[in-house]
Amino acid sequence: MAVIKKKKEKSIPAVNTSALPDIVFMLLFFFMVATVMREVDLKVKVSKPKATEIQKLERKSLVTYIYAGEPNPRYQEKFGRSPRIQLNDAFASLDDIQPFVLQEREQKSEEDAKMMTMSIKADKTVKMGLIADIKLQLRKAQALKINYSSDQPKNVEALYTSDY
Amino acid sequence: MARNKKAIPEINAGSMADIAFLLLIFYLVTTTMDTDKGINRMLPPYDEELIEDPPPIKERNIFTVLVNSSDQLLVEDDYLQISELRAKAMEFIDNNGDGSCEYCEGYNISTSSDNPDKAVVSLQNDRGTSYGMYVKVQNELVAAYEDLRERFAQEKYGRSYRSMDDEADADILKEIKLAYPQKISEAEPLNIGG
């Protein structure tokens, strides 16, 4: 009895945490490999449309983004609620698209410039009038390869029944 | 001598986990995981002056799709649901009116297209059409072509078109794309009730 009592009084040995850094580093490497840097702060609300015939954009360096949608609540006081275009980190007008494309193209090498893809990330509620205007500007800027950014629907049937 | 024999004290690695956590959280916050996907399209080059005489296309070879500002579809003068669009487009492309297409399974209807090479899908929308609806229509039209190509690949090669490799099967892909060339033409949007 006395022997057992003595054992109980002994403090619990500390949990061995020497493998903890290894585990965390493993997680860290996973995130470093699997993710990409966030490039811009979205100032417009973009809820992408759903589509099934979608292709992956393989090389990020070839892709330039144009965002369109309703400004986020905190910008609504200044910019109103009608859909706006966002290029890089700022709101833009239609006239800014051509210089923007030229500038983006200049930053790329000659071979890459030919392969440049413009990805239109627009909210599904945006009216086609705005998109058509963007497309016209892109045509004028000779940026003809475009991509309508969309998501794979979780349930394909819902594509036909729901509103969007 | 005795001093030299003494083991070097172990480096304290207790804060290693903290440093790693810090880096981990940094990456969690500044990066995103979403991969970019979407429907690839080519825009027609911009020309200041409109082409005077567009090449004549027979009425039967044009498949008109109109979308109004209330997101309703008018396909070949018929009111249609989006769920019916794909089948209707496939029927049109695959019609084989002049009998020159050996792999087509169409019905040889005299008011529908001559062959897949001549068939043109013409899409026009209103400025008030929602972008979501537009992408859906685009998606269905692309899907119609993809489904026909898939069928062609299955019959001729017994393989799935969608799983073919861009480089290894380049020749086969080229042939399939030639069998059903994707011809989707877009007109300038209308402005009625935007």
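This is a predicted model: local features need pLDDT of at least 70, side-chain atom pairs count only at pLDDT 80 or more; totals for chains, interfaces and linings use all residues.
Residues count from 1 along each chain as its sequence is written, with chains lettered from A in the order in which they are written. Local features need pLDDT of at least 70 and side-chain atom pairs 80 or more, while totals for chains, interfaces and linings use all residues.

**Exercise 1.** Work out which element gives the most to the side of chain B that touches chain A.

Step 1: count contacts (C-beta atoms, placed from the backbone, within 7 Å). You get 45 residues of chain B against 49 residues of chain A.
Step 2: look through the elements, which are DSSP runs (helices H or I, at least four residues; strands E, at least two) numbered from the N terminus. Those giving two or more residues include α2 (16–30), α3 (82–93) and α4 (131–157) of chain B.
Step 3: pick the top one. That's α4(B), with ten residues.

**Exercise 2.** Find how strand β8 of chain A meets β2(B).

Step 1: check for pairing, which takes at least two DSSP bridges. Here five bridges join β8 (residues 145–149) of chain A to β2(B).
Step 2: get the direction. The two strands run antiparallel.
Step 3: Tyr148(A) stands opposite Ile39(B).

**Exercise 3.** Trace the neighbours of Ile131(A).

Step 1: skip residues up to four places away in sequence.
Step 2: list what Ile131(A) touches: Ala68(A), Ile120(A), Ala122(A), Val126(A) and, from chain B, Tyr131(B).

How values were computed. Two residues are in contact if their C-beta atoms, placed from the backbone, lie within 7 Å.
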